[in-house]
Amino acid sequence: MLQEGNQIIVHGRVQMVGFRYATVQQALQLGLTGHAINLNNGDVEVQVFGDKVDRDKLILWLREGPDSAQVDALEISALEYRALASFTQG
């Protein structure tokens, strides 16, 4: 099965609320690789690689995030697959 990736920019109250940590936990449960990093403008960038069904599950979760977050919007774009060892937060 072809594996690809997505870059998701998460807009809203998503920094200082455990968003990256919770994203890592969700991604690892789904067997995905990638990262979640804070951006200087207050957004979070998520790059995720793996099976499309599992990526879609993570994207669905990202629309809500953890209870402490307030997600306003997602910007989703396709990425070429990159083989990574795990899912990390930066």
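1. Lysine 52 is partly exposed, with a relative accessible area of 47%, where partly exposed covers the range between buried, under 20% relative accessible area, and exposed, over 50% (1.4 Å probe, protein chains only). Aspartate 56 falls in that class too, at 35% relative accessibility. These residues form a salt bridge with each other, and the closest N and O atoms are 2.7 Å apart; the term stands for a side-chain nitrogen of Lys or Arg within 4 Å of a carboxyl oxygen of Asp or Glu. Since aspartate 56 and lysine 52 are 4 residues apart in helix H2, about one helical turn separates them. A search of the whole structure finds 1 salt bridge.

2. Before going further, please keep in mind that this is a predicted model, in which local features need pLDDT of at least 70 and side-chain atom pairs count only at pLDDT 80 or more, while totals for chains, interfaces and linings use all residues. Residues are numbered from 1 along each chain as its sequence is written, and side-chain values use heavy atoms, with hydrogens and water left out.

3. Helix H2 spans residues 52–62, and its buried residues are Asp54, Arg55, Leu58, Ile59, Trp61 and Leu62. Seen down the axis of H2, these buried residues fall within an arc of 160 degrees, so they line one face of the helix; the arc is that of the directions from the helix axis to the C-beta atoms. The face turned away from that buried side carries the exposed residues Val53 and Leu60. Helices (H or I, at least four residues) and strands (E, at least two) are DSSP runs, numbered from the N terminus.

4. What do the buried residues of H2 pack against? They pack against E1, helix H1 (19–29), E3 and E4, contact here meaning heavy atoms within 4.5 Å. At the start of H2, a side-chain oxygen of aspartate 51 reaches to within 3.1 Å of the backbone nitrogen of valine 53.

5. The sheet is an open one, formed by 5 strands in the order E4-E1-E3-E2-E5, with mixed pairing; two strands pair if DSSP finds at least two bridges between them. E4 and strand E5 (87–89) stand at the edges, each with a single partner strand, so one side of each is left without a neighbour in the sheet. Neighbouring strands of this sheet are turned by 15 degrees against each other on average, direction ignored. Axes are lines fitted to C-alpha atoms, for helices over the stretch in contact, and angles run from 0 to 180 degrees between N-to-C directions.

6. Strand E1 (residues 4–13) runs antiparallel to strand E3 (residues 44–50), to which 7 bridges join it, and isoleucine 8 stands opposite valine 46 in E3. E1 also runs antiparallel to strand E4 (residues 70–79), here with 9 bridges. Along this pairing, valine 10 stands opposite leucine 74 in E4, and the bridge partner of arginine 13 in E4 is glutamine 70.

7. H1 lies across E1, strand E2 (33–38), E3, E4 and E5, running at about 175 degrees to E5. H2 packs on the sheet as well, where it touches E1, E3 and E4, and its direction makes about 160 degrees with that of E3.

8. Glutamine 47, found in strand E3, is buried, with a relative accessible area of 9%. Its side chain makes polar contacts with the side chains of glutamine 7, at 2.9 Å, and of arginine 82, at 3.3 Å. A polar contact is a pair of N or O atoms within 3.5 Å; within protein, one must be able to donate a hydrogen and the other to accept it, and residues adjacent in sequence count only if both atoms are side-chain atoms.

9. Asparagine 38 has its place in strand E2 and is partly exposed, with a relative accessible area of 29%. A polar contact of 3.3 Å joins its side chain to that of arginine 20. Asparagine 38 and valine 14 are 24 residues apart in sequence, yet 8.6 Å apart in space, C-alpha to C-alpha.

10. Methionine 16 lies in the loop between E1 and H1 and is exposed, with a relative accessible area of 81%. Methionine 16 has a positive phi of about 70 degrees although it is not a glycine. Most residues other than glycine have a negative phi.
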